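This briefing is meant to be read beside the sequence and the coordinates. Please keep both at hand while going through the points that follow.

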Amino acid sequence: MGDPNKNGWRFFDELYDQTPHKSTERANVIAYIPTWRKKEGFDYGKGEMYRYITHGIIAFLTFSEKDSGAFDPASVREISTILPDVLMAANLYGTKTMIALGGANDFAFLDLMTEIGNNPASPKLDQTVRNVVNFVTQNGLDGVDLDLECWWGRPGQQDQGGRMKADGPHPAGRGLTLFAKELKEAMPGKIVSAAVFGTSWYGNNYDPDMAEHLDWIGVMTYDLTGSWDKSPVGPHSALNKIRGKDTAKIREADVYLESYLREQQGAWPGARAGTGPSAQGDDALENNPILSVEDCLWYWTNPLFMNWQGKGQGVDRGKIAAGVPVYGYEFAAAKEPDDLTGEVPPGYKVLRYKEILDEFPDALGAADANIKVDGSTPRPKLKEPLPPGEYPYAHNIYFETPDTAVTKLKFLKDVGAKGVIIWELSNDVWEDGKSIIKALYLASGNPVPETSPITDPPVPVASSYLWDSTGFLGHASGPLQFQDDGTQDNGMRQFSARLWNIPDDADWKSVAQNCPAVIKRQYFNRPTRIVDKGALGLWGEFDVRDNDDVPDWFWGHMEEKDGAPDGHTRYASRLWGLSLSDDWKAAAKQTPALIAGQYFDEPTEIEDKGVGGLWGIFDVSNEPSPIPAFTAQVKGDNDCMYCQVDTLPSLDGLDNVERFNLTNTMTVGEGAPFLYSVITKDDDSVDFPEGVVMTVKDPDENTYDKGVDDDNQLVVMSGDSIRYLIIKDPKAGDWTMSMSVSRDAKFRCECNTAPSADAYDTMLETRRKLDATQGLVTRDISALSVTAFLGAAAIAVMAPSLALPLALIVTVTGVGYSTVKVIANNKAATSQNAAAISRVLSKVEKDLEKEGASALAKYVWLIGKNISGPEYLVILKYPKNTFKWLGTHADVYAETGHMTNPEQQNSIRHVYWQCLLKKRLGEAFAVEMGDAHERGRPGSDADNRADEKNNEIGLRLADEVESEEECKKRVHEMWKADKLAIRPDYEGDPT
């Protein structure tokens, strides 16, 4: 084989020629999901993204610098803000969801693995494995990805690259293998994978034996140029090996290293220090080449690989997934500050794929996925300074395209690789023909999934957190697990307890919001209120609706005891409140408890200690277990949100619970036009159910618990409970819905926000997500439409003539009540009517967008023939108004289309039209649209004067009436009273 220092880059040992293999039929399409894009408005719950990947990996969960083996609290909090949306959307399409540990800034992970590699008996190994297993299990994830990357060391430390193969793996690499082995043994049903560098410079730090314990190794075959100061200029993720011209006699190629000479920032940059005996010689192209996906695969899998560091890794190609970057490098500029650290890294500027398409709309037509714009640009300012002078390009961008990505995937499938890893999900666009990820999936051999039939929806999992009123230094004001604080101003009896066993890296409030409790035979899915008492801990307050039929029997403080069976922790508690006349053991069997997140309908054992009281023994499993989930909530596009609680499902195992207190927090977006909530029986009536009480709090802690009727709020009560509620332009932030429900109540409760745009499709897709969380799959669009509009329909049936219910209907359907008989005698029929008209107007809107004004001719039957070209130009300026604008035309046409008196038709049409437009879309839009209409359909002078006068009357009328229904009524009254303008000289058709 000769001297590897001379032939290392020249040996023609293509892996697909030398190594037997079987091609891959279905490739994994694995995309990383960054946690830090929420602030830019990235929608983590967008279903389409998860439809076109097989695995989504949330990046990153990092380790604590202060507490080795524990997770960084800030990282945990950041993940918790996106995890519900990710899981909801991923589960909808059967996409596996994982968590990535480490990343490019997690030096604590490197330190931890180094310690374990140097001392395999370190207790840190088992501790860290348990932390990871708990995180994966409790969050319903499918596995973990190990991203050990920080080989360059902290600032001021020596770079740990360039390791010779003969020296064996870095201690951290050995530690990573031990970590992977223990994780796989602890989670045999979960995925364990790793991400590694592509070339030998850092690659030799890893232990190839880790492949035995991993489902795949993701080789980061990107950043092969651009990511360091002495990088050559050229493609950073080229598929094929790029050789020097001196190899042309052996094999000709379309491109050689010398092809890129003109693009360099001066002379071809020399290799970094320590890259072998000949690295500092004259041949910079030889020693600092542009590497490729092939180079990386040769190093990781080909048994013939050899370079100055020694042999390659020799991993089975079936375990390898190669990298696809959804970004590029701009070699005419330096890097910008890092998203996470704020520091300016070495190397050239990174451009996200969607940024490239925004700046260069024709980018996909660029030859060789390279955008070159000639110019004269000062050389970028790098930490290692470039030679002085000008760069002959204004732009020189190398990036990935759908075509290059698919070519790469086909190559990988042909050579038997596992698939691709993608960095990262938020960088892509999702248009057909432009999306890199969608193109990869369609070429992967996997079927394109419809919404998956989820038979096992995500289930909340218990944790080891414990409620107990034992306070600071063991002090307690009484003997009870939940201390009795007495009756409060709201008439409720308050109980409270401190939350114990909160890990240091957890967000206390988030933990408390997911910790259930049982008090006086009432189940709470979370505290009514959470109070941070500083050094005295985090406390939960629980409002209990007192019931004289339920005895005041309470479990005391929970004391941990010996004697538990394997895999369990034993707690003991005394039962208080017993009288001499009570059957003590029967009382214990009727008093449920919830300990460390696990529900007990009765104690595991009962121990009578005579004068020492009656004690319950509770053996709590150390393994996470499901907890009841009675509420379902999802967030969709356009600020649409659904939250629903129905008649409680099977309560087997909860026989001793008499009442369920369910609290849910909805994060309402800035653009939501309405928040609405309604309770009815679970049949088709709008009757109020027995045994149900609901209250709602806004982000400022204002409670809606009494009737209100003004321009922006409508609250109708039934006893102590809200019956229905509508809030116009709700304040953005956390709204809290609290339900108290008797176990036998038959009811349906919704608390939703209407979408700010694209009402029909948005409501259907959001409702589909909600069904998926409950294990339901609705393939019948008609049935899905009815459930999507049911809450708004129920309010419309109960309040058919009030202003806010009408405004809500207009928002979700585009029309008022006159277009079709929206209001029926029950909520299902009303919902069906509302969905039908919304669906039609949604189709008109999409046709209008696709075909222009000519599309309107198809819908004369719905909106009339009176929309002119200038009106179409106005709506192009206000695209968000299209839905309601079309609905207004439909309402006006339905009201006037049947009239036979042309004077009556023309006058009422203009007045009613302007009144509705102003009510729904504001005066400025109404005036501009009215002016456009008259320009587009001019008549005689008499026509024009009458129309302009009636437009003015309609605008004034909008200020005088409270509702659209009153507007319609007044228009007819004004016609009968001769108060509308008419055309004394009638000519032709009305305009």
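Between which two strands does the loop that holds Asp682 lie? In this predicted model, Asp682 sits in the loop that runs between β32 (674-680) and β33 (692-697).

**Overall architecture**

- The protein chain is made up of 26 helices and 39 strands, and of its 991 residues 56% count as buried.
- Taken along the principal axes, the box filled by the C-alpha atoms of the protein chain is roughly 105 × 100 × 50 Å.

- Asp682, Asp683, Asp684 and Asp687 gather on the surface, where they form a patch of negative charge.
- Asp682 counts as partly exposed because its relative accessible area is 45%, a value that falls between the cut-offs of 20% for buried and 50% for exposed.
- Asp709 belongs to strand β35 (residues 708-709), and with a relative accessible area of 60% this residue is exposed.
- Between the C-alpha atoms of Asp709 and Ala476 the separation is 46 Å, the two residues being 233 residues apart along the chain.

**Salt bridges**

- Side chains of opposite charge can pair when their charged atoms come close; a search of the whole structure finds 43 salt bridges.
- One of these joins Arg352 and Glu40, with 3.0 Å between the closest N and O atoms; the pair links distant parts of the chain, since Arg352 is in strand β11 (residues 348-352) while Glu40 is in the loop between β1 (28-34) and α3 (47-51), 312 residues apart.
- The two partners fall into separate burial classes: Arg352 is buried, so classed because its relative accessible area is 11%, whereas Glu40, at 40% relative accessibility, counts as partly exposed.
- Asp111 forms a salt bridge with Arg154, for which the closest N and O atoms are 2.8 Å apart; this pair also links distant parts of the chain, with Asp111 in helix α5 (residues 107-118) and Arg154 in the loop between β4 (143-148) and α7 (171-186), 43 residues apart.
- Asp111 is partly exposed, with a relative accessible area of 38%, and Arg154 likewise counts as partly exposed at 22% relative accessibility.
- Arg970 and Glu960 meet through their side chains in a salt bridge of 3.0 Å, N to O; here the pair connects helix α26 (residues 964-976), which holds Arg970, with helix α25 (residues 941-960), which holds Glu960, the two residues being 10 residues apart.
- Arg970 is partly exposed at a relative accessible area of 24%, and Glu960 is partly exposed as well, at 46%.
- Salt bridges that share partners join Arg37, Glu40, Arg352, Lys354 and Glu424 into one network.

**Backbone geometry**

- Most residues other than glycine have a negative phi, and most peptide bonds are trans; the sites listed next are therefore worth noting against that background.
- The peptide bond joining Ala59 and Phe60 is cis, with omega at about 5°, and Phe60 is part of strand β2 (residues 55-61).
- A cis peptide bond also leads from Trp423 to Glu424, where omega is near -15°; Glu424 is placed in the loop between β14 (419-423) and α13 (436-443), and Glu424 is also a member of the salt-bridge network that includes Arg352.
- Ala369, although not a glycine, has a positive phi of about 50°; this residue is found in the loop between α11 (353-359) and β12 (370-378) and is buried, given its relative accessible area of 7%.
- Asn501, also not a glycine, has a positive phi of about 70°; Asn501 lies in the loop between β17 (493-500) and α14 (508-512) and counts as partly exposed at 42% relative accessibility.

How values were computed. Residues numbered from 1 in each chain as written. Predicted model: local features only at pLDDT ≥ 70, side-chain atom pairs only at ≥ 80, totals over all residues. Heavy atoms only, no water. Patch = residues over 30% accessible without salt bridge, like charges linked within 9 Å, V, L, I, M, F, W, Y side chains within 5 Å. Areas by Shrake-Rupley, 256 points an atom, 1.4 Å probe, with all protein chains shown as cover. Salt bridge = Lys/Arg side-chain N within 4 Å of Asp/Glu carboxyl O. Lys, Arg positive; Asp, Glu negative; His and termini not counted. Charge placed at Lys NZ, Arg CZ, Asp CG, Glu CD. Helix = DSSP H or I, 4+ residues; strand = E, 2+ residues; numbered from the N terminus. Buried < 20%, exposed > 50% of the residue type's maximum accessible area, 1.4 Å probe, protein only.
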